[in-house]
Amino acid sequence: MKQILQSFENNIGTITFNNDDKRNALTFQLLDELIEALDEFEKREARAVILRAKPGSKVWSAGLFIDELPNAGEDPLSYNHPLERALRAIEGFPAPIIAMTEGSIWGGACDLATVCDIIIGTKDTTFAITPARLGVAYNSSGIMHVIRVFGLHTAKEMFFTAKPISAEKAERMGALNHLVPAEEIEEFTYKMAKAICFNSPLSVSVAKKQINVLAQSTPINPSTYELIDELRFKAFNSKDFMEGKRAFKEKRRARFTGE
Ligand code: YXS
């Protein structure tokens, strides 16, 4: 069964998560289908794309599919991981991508939403980034997405507590462009997408690229990069990582030892 639904109308592409039984968890299959849908929308010269869950969803996405997380010693978020490829596909897509977020957003899905160009939510939209809950260390590009969108202190609170932050707080931080009533979010989002479609696609595309490049211009020297890589290896090669995954499957709180 396809784990995303896609449609294309009036230059607007729509991708709808279709993995309800697993709370739209981001499986390798769903992520590959998302990348393929974006490739098709680019060929059809989409002028805006909307990424959404089904209307009225309580969970926009539960994050990476934990059963597909690797064993100790392998990077859970390597450069060529399907999530990383999907994030780059969104960032590099020539037109704006709007995350229409109904429901709670977890882990890697928080990264997916923050890399979209615009996020529209309702009062039930929450954001939680959860590596600490599993005993892993997120990757640097994903951390940068969260810092850039939520700000330094809120990003630290999210990574340290692994607790959801509310739609109101996300809107105050500028992470949510708009917080609208649930019954209006679909009309509001498509109205914004249509307004974008009326503008010059080249000008909009160049603006997206310029803003992304300027926002990411942070120098980092190689030894700092190597230090971070070493720290991440320690985390995803830890007993805590294994305990985090086991606890999730056994539906119990993890007992982390810091090893
Ligand atoms: O028991 P069954 O077979 O029905 O399956 C259950 C859950 O196991 C499954 N499910 C997931 N399976 C794999 N990976 C997931 N991320 C995942 N989330 C859910 O879906 C079925 C229904 O789940 P259930 O009964 O818990 O639904 P609920 O409505 O009571 O609760 C919804 C959630 C989202 C609050 C709850 O499912 C939940 O807390 N899910 C895990 C959220 C999470 O910790 N995600 C982080 C994944 S790891 C990740 O993204 C990065 C590596 S990191 O951690 O670094 O950010």
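How far is an oxygen atom of the ligand from an N or O atom in the side chain of Thr 130? The separation is 3.1 Å.

1. Basis. This is a predicted model, in which local features need pLDDT of at least 70 and side-chain atom pairs count only at pLDDT 80 or more, while totals for chains, interfaces and linings use all residues. Residues are numbered from 1 along each chain as its sequence is written, and side-chain values use heavy atoms, with hydrogens and water left out.

2. Ligand. Polar contacts here are pairs of N or O atoms within 3.5 Å. Besides the pair at Thr 130, an oxygen atom of the ligand lies 2.9 Å from an N or O atom in the side chain of Arg 23, and a ligand nitrogen is 2.8 Å from a polar backbone atom of Ala 62. The ligand taken alone exposes 1000 Å², of which the protein buries 74% (Shrake-Rupley areas, 1.4 Å probe). The ligand is surrounded by 22 residues, the closest being Lys 22, Arg 23, Ala 62, Ile 66 and Gly 108 (a heavy atom within 4 Å).

3. Helix α5. Helices are DSSP runs of H or I with at least four residues, strands are E runs of at least two, and both are numbered from the N terminus. Buried means under 20% relative accessible area, exposed over 50%, and partly exposed in between (1.4 Å probe, protein chains only). In α5 (residues 140-150), Gly 142, His 145, Val 146, Val 149 and Phe 150 are buried. Viewed down the axis of α5, these buried residues fall within an arc of 95°, so they line one face of the helix; the arc is taken over directions from the helix axis to the C-beta atoms. Their cover includes α2 (82-92), α3 (108-115), β8 (126-128), α6 (152-161) and α7 (167-172). Just after α5, Gly 151 has a positive phi of about 95°.

4. Cysteines. The whole structure contains 0 disulfides (cysteine sulfur pairs within 2.5 Å). The sulfur of Cys 110 is 11 Å from its closest cysteine sulfur, in Cys 116, which is too far for a bond. Cys 197 is in no disulfide either, with the sulfur of Cys 116 nearest at 16 Å. Cys 110 is buried at 0% relative accessibility, and Cys 197 is buried at 9%.

5. Val 180. This residue sits in the loop between β9 (178-179) and α8 (185-198). Val 180 counts as buried because its relative accessibility is 8%.

Methods
Contact means heavy atoms within 4.5 Å. A polar contact is a pair of N or O atoms within 3.5 Å; within protein, one must be able to donate a hydrogen and the other to accept it, and residues adjacent in sequence count only if both atoms are side-chain atoms.
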